Every structure is written in structure tokens, then in C-alpha cells.
Amino acid sequence: RAKSAGGNRYELADPEADARVITRHGLTTALPAALERGEFFIEYQPLVHLGDGGVRGAEALVRWLHPQHGVLGPDRFIPLAEHTGLIVPLGRWVLEQSVRQARTWRERYGTGGAPAPLRINVNLSPCQLTHPGLVRDTVEILERAGVEPDALCLEVTESALIGADDDLLKPLRRLAEMGVDIALDDFGTGYSNLANLRRLPVSILKLDRSFTQSMQRFPADPVDLKIVEGIVALAHSLDLTVTVEGVETGAQAEQLRVLGCDTAQGWYYARPGPPERLHDLALVDATA
Ligand code: C2E
Ligand code: MG
Ligand code: MG
Ligand code: MG
């Protein structure tokens, strides 16, 4: 490769930069075979109700068990999969696995022992949003697993929906009408027009981790408190549920509960893990 790029002369590149390029390129080309060979797996992180502490559901987070590099997080390969389009079949696989897992949980616990049924959150990348098969695939996956649409929440980042036109929103509207929840992920980082929220078929705001981080101290920065308070008030006035991500301490959880946030997710409750771990958590919750 160095030869074709530099004519007849070989040059020693910065070995670290070179390794990064090779890894990126290598990872990208290895993605399709990895999907076929079953090298991806999903970890689940519980979503906890801030009022009663009960598990309400879980977010599915994909990982890649690479034969040479070990476990890779989604930040390492999702952008590559988005670039090549592999995110569409990969995303479909994640959705199918997650919905089947939800089916297992629901068979085991019925409605999860909590007022709301045990639900599954799945991340959607912008490429999946524009893919024409999204609604059809989702309906098919739910039907095949025998899971009701209201057990599923699709997470879309705020930035993916900034300036979204009606064509982009149409499939999300269809899904929302069927009963699938749509969550706005990483909310508060995208500088979106708050009035725009009314136009979007979303029912959940996931407040970005940066807000949670500023709640590290108790009491937190008064300006951040005001901002979160304002977002929660606006969300609730629009009938939206507020979830917070990245809760690492009890002080953060308490502060966010006082500010009116509804559900939370983070290491304080549990790290993402295998599905059996949620069995244990839900079981504790159901018998508490
Ligand atoms: P996200 O959807 O915002 O997911 C939350 C991220 O925060 C996850 O990182 C999770 O492991 C991490 N996290 C959870 N609790 C805590 C905490 O208390 N402290 C800290 N520091 N981090 C916490 P992860 O698993 O590395 O995923 C990163 C991103 O990759 C996700 O952000 C999501 O945007 C994307 N992603 C993950 N799975 C999928 C997928 O199946 N499809 C698509 N399109 N994107 C995915
Ligand atoms: Mg998410
Ligand atoms: Mg998020
Ligand atoms: Mg995030």
C-alpha cells in the first residue's frame, strides 16, 4: 500500500498512526464476516424508576468480540458500519436479538413485577432511519417474536433529528402510532430548537450524561440545576418522560429524582451486562 501511494519509494510512517489506519481499515473490511460468524453480542443495562427503584426495562448495547483485538465497544465500530452501510443488517440483528430477549423476560416475569411492563430500548443510527425497510422489518421482528410494540423503545439521537423533514419523520410516526416509543437520545447536546420537540413523534427524552456529570456534587451548580429543571418542566408539559443516563453515584440519582426526572440508567445501578444479570435484578424487584 505504501508503494502504490508513494511511487517506488517506501516510507516508514509513524508506526502508531499506521497501526490506527490499518486497524480502522482492517476493522471495516472484517465487519461483514464478523456479522456472519456471530462475533457480535449484546449487553443490557437496566433502566430504573427513580421513584420506586424498580427495573423498568433495559437498553441493548452492542459489542464485538474481535478474534484478535478482544471486546470492542460500539464507538470503535458503529461509525465504520455506518460508513459502509453494514449498520442496516447489523442494526436489524441487534433489534431481532433484543426483541427476542424482551420476549424471554416477559415470559418469565409477565409485566416485570412493576407497574409498567419490562421493556427494551434499542439504538437506531441515522442510516437506519432513512432505510426504506425500517417499519416493515420492525413490525416483522415484533410479530415473529410475539412481542407487543409497546414493549419496544427505539432511541434516536437528538442530532439525527435536527432539521429533520417530514420524509425522515414519517417512518418514526408510523412506528409511534403502532405503539413503539421513540426516545431522543443524548438530549441537550444537539442545540435543537426546544419548540421543535412538539413536531417530533417522541415520547421520551434521554438527558445526556453531561448533565448527570454536573450533578456530581450535592448541591450541584445552580445554573445546571435550573437548566435540568427547565427541561424536565418542558418535557412533562409535553407529556414526555425524562430518562437520565450515566448515573454513577447515589447523590446524582437523588438530585435528579428531586428535579423530577422519571427513570435513570448508569453504573450506580448496574453496568451493561449479560441478559441473565437483568433476570436477577428484575427478580429482586418483583419480590421486594
Ligand atoms: P448511548 O446510546 O448514549 O448509550 C449509553 C452509553 O453510556 C453506553 O456506552 C453505556 O455503556 C454508557 N454508560 C452507561 N452508564 C454509564 C455510566 O454510569 N457512566 C459512564 N461513563 N458511561 C455509562 P457504550 O455501550 O459504549 O455505547 C456507546 C454508544 O454506541 C451508545 O450511546 C450508542 O449511541 C451507540 N450504540 C450502542 N449500541 C448500538 C446499536 O446497537 N446500534 C447503534 N446504532 N448504536 C449503538
Ligand atoms: Mg442510547
Ligand atoms: Mg444515550
Ligand atoms: Mg450518550
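## A charged network

Glu96, Arg100, Glu140 and Arg144 are joined in a network of salt bridges (a salt bridge being a side-chain nitrogen of Lys or Arg within 4 Å of a carboxyl oxygen of Asp or Glu). This is a predicted model, where local features need pLDDT of at least 70, side-chain atom pairs count only at pLDDT 80 or more, and totals for chains, interfaces and linings use all residues. Residues are numbered from 1 along each chain as its sequence is written, chains are lettered from A and ligands numbered from 1 in the order in which they are written, and side-chain values use heavy atoms, with hydrogens and water left out.

Let's look at one pair from that network. Glutamate 96 and arginine 100 meet through their side chains at 3.8 Å, N to O. Both sit in helix α4 (residues 87-109), four residues apart, or about one turn of the helix. Helices here are DSSP runs of H or I, at least four residues, and strands are runs of E, at least two, numbered from the N terminus. Glutamate 96 counts as buried at 19% relative accessibility, while arginine 100 is partly exposed at 46%. For these labels, buried means under 20% relative accessible area, exposed over 50%, and partly exposed in between, using a 1.4 Å probe and protein chains only.

## Other salt bridges

The structure has 16 salt bridges. One of them pairs lysine 206 with glutamate 59, at 3.0 Å from N to O. Lysine 206 belongs to strand β7 (residues 204-207) and glutamate 59 to strand β2 (residues 55-66), so this contact ties together parts that are 147 residues apart in sequence. Lysine 206 and glutamate 59 are both buried.

Then there's arginine 136 with aspartate 137, whose closest N and O atoms are 3.4 Å apart. Arginine 136 is exposed, at 55% relative accessibility, but aspartate 137 is buried, at 12%.

Donors are N, O and S atoms within 2.8 Å of the metal (3.2 Å for Na, K and Ca), and water is not among the atoms, so sites may look incomplete. Glutamate 59 in strand β2 and glutamate 155 in strand β5 (residues 152-157) link distant parts of the chain, 96 residues apart.

Both glutamates get a burial value too: glutamate 59 is buried at 6% relative accessibility, and glutamate 155 is buried at 1%. Aspartate 185 bridges the magnesium ion (ligand 2) and the magnesium ion (ligand 3), which lie 3.6 Å apart.
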